[in-house]
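Dear colleague,

Please find below the structure that I promised to hand over. My notes on it follow directly after.

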Amino acid sequence: MNLTHLERLEAESIQIMREVVAESENPVMLYSVGKDSAAMLHVARKAFFPAPPPFPLLHVDTTWKFKDMYALREKAAKDAGMQMLVYKNPEAVDAH
Amino acid sequence: MTTQDPKFKTDALISEDIDAYLETHQHKSMLRFITCGSVDDGKSTLIGRLLYDSKMIFEDQLATLEADSKKIGTQGQNIDFALLVDGLAAEREQGITIDVAYRFFATEKRKFIVADTPGHEQYTRNMITGASTADLAVILIDARQGVLTQTRRHSYLVQLVGIEHVVLAVNKMDLVGYSEDTFKQIVADYTEFASSIGIDSFTAIPISGLAGDNITQVSKSTPWYEGPALLDYLENVDLVVTRDQEKSFRMAVQWVNRPNLDFRGFSGQIATGSVKVGDTVRVIPSGKTSRIARIVTMSGDLTEAVAGQSVTLTLTDEIDCSRGDVIATAEDAPEVADQFEATIVWMDDEPLLPGRSYWLKIGTQMVSAHVQPPKYQVNVNNMAHLAAKTLELNGIGVAEVATDKPIVFEPYDVNREMGGFILIDKITNATIAAGMLHFSLRRSKNVHWQAIEVDREAHSQLKNQKPLVLWFTGLSGSGKSTIANEVEKLLYIMNRHTFLLDGDNVRHGLNRDLGFTDADRVENIRRIGEVAKLMTDAGLIVITAFISPFRAERQMARAMLPEGEFVEVFVDTPLDVAEQRDVKGLYKKARAGELNNFTGIDSPYETPSNAEIRINTTEMSAKEAARYIVDWLFNLNDSD
Amino acid sequence: MHTDLWKTEGLKKALDHYGFDVALGGARRDEEKSRAKERVFSFRSAKHRWDAKNQRPELWKLYNAQKTKGESIRVFPLSNWTELDIWQYIHLESIEIVPLYLAAERPTVERDGMLIMVDDDRFPLQNGEIPVQRSIRFRTLGCYPLTGAVESEAATLTEVIQEMLLTTTSERQGRAIDHDSAGSMEKKKQEGYF
Ligand SMILES: Nc1nc2c(ncn2[C@@H]2O[C@H](COP(=O)(O)OP(=O)(O)OP(=O)(O)O)[C@@H](O)[C@H]2O)c(=O)[nH]1
Ligand SMILES: [Mg+2]
């Protein structure tokens, strides 16, 4: 059986994420709402399925994002069953 | 931008049928390779050139490159391709590579990840980082310089980490007038060195990274060169991607997935082999067996999974299994041990402190370990084994490693993922060494689960001795058999298990069908070599006493055995002395023409040049000679 | 440049605030030449600094996650993916992405040679600027309004991939903050930028 290129990349990324969870005390996944974050989050869901990924997401929000991005941010966290932490400015950090 | 080379992306297919393009792209094979070699041999320039020629450089990046080249490049007003790859400020300022750069490109046939590694000895650890995940190494040589120490060091490391394919790229051919002689000389020099470290084959290509000769296309400047261009070779070299799948199933557990009381899955990436639902597996080190209930993935359960895939397995029984355990085929599970012999590459400024406790990480296991004083360090220039008390930065040596609890492992040769380890300093947390396990020194006592495999190792352990062949060679009547007999007696007194092969028990049985022609002599020695080898597999110390006149055949017998297990004993008795003794009256007959092909008379004796032991029978009695040989053997065993 | 600095500071503060010891990020080695040099497990000092010249060796799949209190590690699981891999994966796995990546008619103004989308009334129009409907999409989503759009008809993922494959400029060109000199990414990373 020959794995495709993407299957191999995905397997490698999953292995890395599981090492992180096994070897760290308090991990987090940065989430920027971009396409790379979307792919990374998807791999994370696969890595820990059927459990949700055992870490929260963190969005460092410059409040200068497009409207569409905010909408997806909330939905992505909900779909994954993960907590979305939003860090807005040096004073306020809130959880969604 | 250069004119489009047909090897690279076909814009036509992309614009006409993107789906077809993506489909083929998905199923291209992938080659991971490194460039390595000595400082300034042109590694980064070569990669820059490959990226440039494969259209991996965008217009904006090209503009930056041109500007940078003029400002800080090494090529005057021309493009300095190395600047595409040397991405750190310090690298660009100094014009050297410090750390490995990973770059990506694709052709119509294949995708590539290339790791451009640094040539400076100081940064050897970064070279190994790149090498550890590569399938192929391009070893560069500056045509003006030839084979240098770093070329040898990198070649040796390439061989140690087990990179399968080696390309010798003789670079800067533009600076030696594309001379065929220069190329040939370098290839000849390198061939000699390569075979001494176990690189049996490599492909040599004359190139100029700067001028682009034989990189993507065969160059007109080297009409005498008939092989492929580098890229051609990289595109077509055989990759057996399914080899790991054919081995026995092994998966190190990374993480236990336990979202609720009803689900308990074991997550990991399959190292080797394949696994099916229903397979019986064994969890090591506990030795408990169970069966695969499910292979769980988010896209649905699988019925089978293979090496390379990251999966989550559930078992039919509630057995103990956690991170660090290995799930393996029940009938062929890996070993567990706590003492090993290993090759170690030291990567830290602080030298190895024998006896100090370090973290050892192997697979998903992390344990405390300490290293014994090295058995030896390797001189990378001539592969000589040097006595060493420690290993310093970039030192490579062989040492015993002991872990504070048994670990699951396989020899690195058999399974990279279960035999490669790193050492981590417990105070600085730095990664200080890389290691490759050879074998366990003793099986761990507290595990009873596995029926002991009765292999070579087991045989020799039982006999409490290191098997070897003492190969006597010398003229007829030189005293081989007499001394060999004395040696066997001494060893017997010392409780060693031996066996003597000589004319009496071989010529009349196994080799009854052979005469004394050159061809028969060769076959005679071949058979003796094979028998001796089987006997060492059984753990014996084998003593052979045959004239064995030809160097090539003695070499053949030597090559049948693991390194260090063939000890050649040259019984050096001058022809006139042997002839004078003529115990069996054979010389007389030969001189009289009654015996043909008699060694020393009408058939040559090729004197050994690399015998481990030379005995001069005009200076020593047979008993003294035997004592000398046995002392030599025990000194050998003590020192390792 | 200010948003970038802010982002770096914000990130460091957020990580410290929660005491996260490992942060997973989606950076890829093919994005930029100093990224190409970075380990999968990228060690950061207590001040979040990246010491590019002194990275830990990283062999096989063995990652060294050891650190002392205060130190942290940035981990890049997508290190070996290319931009094409990401797009193709999103396509094959039907992953939801921000619609702005796909072309649509959107109100835009042209400013300093960049196409800027007028997203809402946070966007201050300059004198004489009148938003024009154009078919645009974003190749990268940085910070509004600094990220420029490109005119495009690529309204599906495969069309986006097609356009990407035929393009002749690098991914980040649309981002104003990345138009600075060589080595700036390395500097930013040394200071704690992702
Ligand atoms: N004439 C000529 N010069 C070359 C060629 N290849 C590289 N060079 C020059 O050799 C010098 C060293 O090249 P690099 O590519 O930096 O060498 P390197 O092997 O990467 O060096 P390190 O990574 O520091 O070990 C530069 O000045 C290059 O322009 C070649 O084929 N011909
Ligand atoms: Mg270089």
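In these notes, Ala, Val, Leu, Ile, Met, Phe, Trp, Tyr, Cys and Pro count as nonpolar, Asp, Glu, Lys and Arg as charged, and the others, Gly among them, as polar. With these classes, the shell around ligand 1 holds 11 polar, 5 nonpolar and 5 charged residues. Please note that this is a predicted model.

The shell around ligand 1 consists of 21 residues, and the closest include B:Lys43, B:Thr45 and B:Asp174. Helix α3 of chain B (residues 43-53) supplies the largest share of this shell, with 3 residues. A polar side-chain atom of B:Thr97 is 2.8 Å from an oxygen atom of ligand 1, while a backbone N or O atom of B:Asp40 is 3.1 Å from one. For B:Leu210, a polar backbone atom lies 3.2 Å from a ligand oxygen. Taken alone, ligand 1 exposes 660 Å², of which the protein buries 93%.

I turn now to the sheet. Strands of a sheet pair through backbone hydrogen bonds, either parallel or antiparallel. In chain B, 6 strands form an open sheet with mixed pairing, in the order β2-β3-β1-β4-β5-β6. Its edge strands, β2 (101-106) and β6 (203-206), each pair on one side only. Strands β1 (residues 29-37) and β4 (residues 136-142) of chain B pair in the parallel sense over 5 bridges, and B:Phe33 has B:Leu136 in β4(B) as its bridge partner. Helix α8 (residues 180-197) of chain B packs on the sheet, touching β4, β5 and β6 of chain B.

Yours sincerely

Terms used:
Residues are numbered from 1 along each chain as its sequence is written. Chains are lettered from A and ligands numbered from 1 in the order in which they are written. This is a predicted model: local features need pLDDT of at least 70, side-chain atom pairs count only at pLDDT 80 or more; totals for chains, interfaces and linings use all residues. Side-chain values use heavy atoms; hydrogens and water are left out. A residue is near a molecule or strand if one of its heavy atoms lies within 4 Å of it. A polar contact is a pair of N or O atoms within 3.5 Å; within protein, one must be able to donate a hydrogen and the other to accept it, and residues adjacent in sequence count only if both atoms are side-chain atoms. Accessible areas come from the Shrake-Rupley method with a 1.4 Å probe; for residues, only the protein chains shown count as cover. Helices (H or I, at least four residues) and strands (E, at least two) are DSSP runs, numbered from the N terminus. Two strands pair if DSSP finds at least two bridges between them. Contact means heavy atoms within 4.5 Å. Axes are lines fitted to C-alpha atoms, for helices over the stretch in contact, and angles run from 0 to 180 degrees between N-to-C directions.
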